[in-house]
Every structure is written in C-alpha cells, then in structure tokens.
Amino acid sequence: HIELNFDFHGNFHDYYEPRVGGRYFTEPYYYQSAFWVGSDYRKPLFGSVSFSFAKQPDTDQRFREGEFELNLRVGRKLNLEYSASFQDEINDRGFVDMTESTDTIYFARRDVNTFENILGASYAFNNKAGLNLRFRHYWSGAANNDFYQLQRNGELISDLNYNENQDANYNAFNIDLIFKWIFSPGSELSLAWKNSILSNDDHVISGYWKNLDKTWRSDQINSFSIRILYYIDYNSLRKKKG
C-alpha cells in the first residue's frame, strides 16, 4: 500500500504562537509533500515507512518528518512492536519570551530536532490475563540563532539587544510494566511498575547517543501501583434484599 500527497498553503495569521490574546504572527506560504508505504497488517510481520517535507521559500524554513514502524506477532500470545520517528525544523520562527506587561513579544529563529523511540512487547497468558512492557525515549532540542520582536501587524523585526538563553534540551525516558487480570465480568486487577526519567537543560547536546547517555545518568523515579475495579450489579443486590 502506497500513498502520495502534495499540499500548498497560502499566507495565514497564527493567533496561538504569540501566547497573547488579540496578537498574531503572519506565516508565509509554504508547500508540503509526503509519502507512506505499508505492508499487509494481517501478516505476522508487517511495517510501514513515512516521510514528509515542507518548505517556506520566503524564510528558508524547512521541515522534515519521518516514521518507521514494525510489528511482529509470534503465535497467538506474543506481540512485539518497534517505532522510531524524527522531526527536523530548520529556521523555524516561534515564541520564546515576553515582558510582564505582554506589550513586547519575543520570537526566535531556531532549529528544533525531535526524536522518539518506542519498543513494546505484550504477552497474553489467556483471554483474561496479560502482561505489557513498554520502553519510550523522547528527545527534543531547540537551539535559538536570532531573536526578533513581534509587531502589531504580525511581522518580525530583528532585536540585537535580547541575549537571554532560551535554548532547551528536553528528555523523557519511561519504562512501563503492567499486568492485567479480568477476574470477573467487568472487574479488573492491575499491577504496574513505572520507571521515569525527566530532564530539561538549557544547552542542546549534539549526538543522539551522547544525549541518551546523559539522560540515563539523571535522577530516576520508580513507582508501583495496584488498582482494582470491581463491578457490582445493583439489580442483583436489590433482588437479594427483596
């Protein structure tokens, strides 16, 4: 299965990016193309690949996005899946700061890179009990190059005096292990262990593996939880009382 598409968008006003009611940012026109290729999901092994590209000629802003997915069913009980995705925004224009009075809104020309990896496995002991394991790493880095002030007409003018560090390097690494057991119709017991690492720095780290190594050495949070949902049929209780 293959899909191809091409889009063209004219100039428009973005009322969300300024973060102030009544203000807007004028986005220039851009064009976008994308494709998707996928295999038969009814097979034990199936996957898909997608890629899209967009560009604003007036600002040389470019956007690339891709995703890869793979799924493997082993028998009737075990399922393995993996997905990887990325987004590259080059010369993106976006909000970074504002004054307390909100009269002055600062934008930046920045490069934003985002990666996400997900590895999962599920095992069904029977039709009432199953185990799920999931690893997820999300990384997003934004490096600012130039700063601007947003004008009332939605245009940007250069600001050479603004020198605040608004770079950001955000990581989220999670491990989830969940056991579920349906012990009666409508009733469920869940046991969960979650490991979480969250980090947010003001310096973008170059290199995926170097960034991942630093993330693993950050503080971790482990949590255990037990949840029981029990379904009570009110009508049957009322009959017993009667």
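This is a predicted model: local features need pLDDT of at least 70, side-chain atom pairs count only at pLDDT 80 or more; totals for chains, interfaces and linings use all residues.
Local features need pLDDT of at least 70 and side-chain atom pairs count only at pLDDT 80 or more, while totals for chains, interfaces and linings use all residues. Residues are numbered from 1 along each chain as its sequence is written, and side-chain values use heavy atoms, with hydrogens and water left out.

**View 1. Salt bridge between Arg64 and Asp88.** The two side chains meet at 3.1 Å, N to O, a salt bridge being a side-chain nitrogen of Lys or Arg within 4 Å of a carboxyl oxygen of Asp or Glu. Arg64 lies in strand E6 and Asp88 in strand E7, so the pair ties together parts that are 24 residues apart in sequence. Arg64 is partly exposed at 36% relative accessible area, whereas Asp88, at 11%, is buried (buried means under 20%, exposed over 50% and partly exposed in between, with a 1.4 Å probe and protein chains only).

**View 2. Salt bridge between Glu116 and Arg136.** The closest N and O atoms are 2.7 Å apart. Because Glu116 belongs to strand E8 (residues 105-124) and Arg136 to strand E9 (residues 129-150), the pair ties together parts that are 20 residues apart in sequence; strands are DSSP runs of at least two residues, numbered from the N terminus.

**View 3. Polar contact between Asn91 and Arg109.** Their side chains are joined at 2.7 Å, and Asn91, placed in strand E7 (residues 78-98), is buried at 10% relative accessible area. A polar contact is a pair of N or O atoms within 3.5 Å; within protein, one must be able to donate a hydrogen and the other to accept it, and residues adjacent in sequence count only if both atoms are side-chain atoms.

Methods: Helices (H or I, at least four residues) and strands (E, at least two) are DSSP runs, numbered from the N terminus.
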